[in-house]
Structures are given as structure tokens and as C-alpha cells.
Amino acid sequence: LHHHDEIMSDLLTRAPGTFSRTIKGIQTLHRCGVPITVNIVINAGNYRDLKPYTQFVIRRFPFIDAISFSFIMCGARAQNNPAMVPRMSEAAPHLKEAYKYCLKKKMNFANPGCGVPTCFVPEFYEYSFEYQIMKNQSPNLRLSMQRNQTEKTKLPVCTECVFDDYCLGVWRGYLDIHGTDEIKPVRDGVVLR
């Protein structure tokens with residue numbers, strides 16, 4: 001479910017009727033007792049609306065288990081339409097507001113592996129899928145996972161970040177579109193648990 005407004009949602013999915021079918025599908029899954037995580041793919045058409053989207057989802061579906069906030073993958077489809085890829089630095093404040101609202105309403109949420117890198121939302125690092133996975137690995141396995149990552153890359157500045165050992169980097173396609181200037185290491189202010 002990529003927007004809380006039916007018209008915007010159908011525009012983003014390029015599939016008329018997707019919004020209403022998704023709403024019905026969520027309700028059907030709930031009636032069947034299936035655990036539900038609602039996923040939104042953050043893009044240029046919805047990043048400013050993350051908090052209202054979150055409010056809508058929690059109000060409409062208080063029974064769901066979580067909201068997952070993905071970021072648009074910068075593969076071939078996004079590279080053909082780079083205008084759909086917002087700068088993470090512009091999306092991050094809106095994402096933080098959505099996270100705060102989730103906490104206020106006691107709704108579980110996640111920043112999955114395809115989410116915004118932790119350096120953009122450092123105060124919410126514990127909700128990062130990468131952090132959760134990487135913190136439980138040995139240093140050698142973490143390094144191996146980072147080296148074997150093909151869709152993401154680490155920048156030299158990443159070695160200065162407190163999350164360096166717990167992050168797989170930034171989408172290569174994202175850097176092709178927006179460059180590296182907004183990638184800033186988190187050096188202090190965060191005590192990892």
C-alpha cells in the first residue's frame with residue numbers, strides 16, 4: 001500500500017483499482033487470521049506524506065502487526081525514471097515523523113534492508129533490519145556480508161561512522177542518480193546497544 005489517497009496510490013502503482021483491492025485484501029487477511037505487515041515503498045510521489053499515511057494505516061488497520069518503510073530500489077526501472085527517486089536527506093525528516101507516530105501509537109515498524117541507511121535516521125537505528133542482522137554476526141561474517149553485497153556499496157566516509165560494522169551501504173543506483181554529497185557519517189550521539 002503505497003499511499004493513503006486512492007488516486008495517488010493508483011497513480012504510483014500505475015494500476016487503476018489497486019488501492020481498493022489492497023484495502024480489501026488486508027481486511028480479508030485479517031478475517032483469516034493471517035499476520036499482516038503493511039509495506040510502503042518510499043518514492044518522490046509519497047515521501048512527504050509518510051506521517052499522514054502512517055496515521056491512515058494505523059486508524060484503518062489497528063490490527064496489523066507492523067508497517068515496513070522501504071525505499072525505492074534504484075534498479076533499471078527507477079534509473080529510467082530518476083525523478084521517482086527522492087533524495088534520502090529530504091525523505092528522512094518525514095520518515096522520522098512517521099516513526100515517531102508509530103511509537104506514540106505503539107505500532108511496530110521496520111526499516112528493512114531496502115530501507116533508508118541508518119545514517120539518515122540514526123536515532124531509530126534499532127529498527128533497522130541491517131542493524132538487527134549484523135549485530136548478531138561475528139566481525140568476520142559482517143565484513144564478508146559487506147564485501148559480497150552487489151547492489152549496495154560503502155563509501156570511504158563510511159569507515160568514520162558508528163554504524164559502519166552494521167550497515168551494508170547505499171544503493172549503487174541511488175548514488176548514480178544523486179551522488180555522494182549527502183552521505184554523512186554518524187560520529188557521536190549514538191550509544192549502540
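Modeller: L50, K51, T54, Q55 and I58 of helix 3 meet A91, H94, L95, E97, A98, Y101 and C102 of helix 5; contact means heavy atoms within 4.5 Å. Helices (H or I, at least four residues) and strands (E, at least two) are DSSP runs, numbered from the N terminus. This is a predicted model, where local features need pLDDT of at least 70 and side-chain atom pairs count only at pLDDT 80 or more, while totals for chains, interfaces and linings use all residues. Residues are numbered from 1 along each chain as its sequence is written, and side-chain values use heavy atoms, with hydrogens and water left out.

Biologist: How do I describe the way helix 3 and helix 5 cross?

Modeller: Two packed helices are described by the angle between their axes and the distance between the axes. Here the axes of helix 3 (residues 50-60) and helix 5 come within 8 Å and cross at roughly 25 degrees. Axes are lines fitted to C-alpha atoms, for helices over the stretch in contact, and angles run from 0 to 180 degrees between N-to-C directions. Helix 3 and helix 5 are therefore roughly parallel (under 35 degrees; over 145 is roughly antiparallel, 65 to 115 roughly perpendicular and the rest oblique).

Biologist: And which other pair of helices has axes within 8 Å, crossing at roughly 105 degrees?

Modeller: That is helix 1 and helix 2, and the angle makes helix 1 roughly perpendicular to helix 2. In this contact, E6, S9, D10 and T13 of helix 1 meet T18, F19 and S20 of helix 2.

Biologist: Which residues of helix 3 are buried?

Modeller: Buried means under 20% relative accessible area, exposed over 50% and partly exposed in between (1.4 Å probe, protein chains only). In helix 3 the buried residues are L50, Y53, T54, F56, V57 and I58. Their cover includes helix 2, strand 1 (37-42), strand 2 (66-71) and helix 5.

Biologist: How many aromatic pairs are there?

Modeller: Rings of Phe, Tyr and Trp (its six-membered ring) pair if their centres lie within 6.5 Å; planes under 30 degrees apart count as stacked, over 60 as edge-to-face and the rest as tilted. The structure holds 12 such pairs. Take Y99 and F109: their ring centres are 4.6 Å apart and their planes at 25 degrees, so this pair is stacked. Because Y99 lies in helix 5 (residues 88-104) and F109 in strand 3 (residues 108-110), the pair ties together parts that are 10 residues apart in sequence. Y99 is buried at 0% relative accessible area, and F109 is buried at 7%. Y125 and Y131 form an edge-to-face pair, 4.9 Å centre to centre with 85 degrees between the planes; both Y125 and Y131 are buried.

Biologist: Which residues do ring pairs link into a cluster?

Modeller: F69, Y99, F109, F124 and Y127.

Biologist: What sits over the ring of W171?

Modeller: A charge sits over a ring if NZ of Lys or CZ of Arg is within 6 Å of the ring centre and within 35 degrees of the ring normal. For W171, the charged end of K152 sits 4.8 Å from the ring centre.

Biologist: Where is R14 found, and is R14 buried or exposed?

Modeller: R14 is in the loop between helix 1 (6-13) and helix 2 (18-31), and R14 is exposed, with a relative accessible area of 59%. Its phi is near 55 degrees, a positive value in a residue other than glycine. K106, in the loop between helix 5 and strand 3, has a phi near 60 degrees and counts as exposed at 75% relative accessibility.
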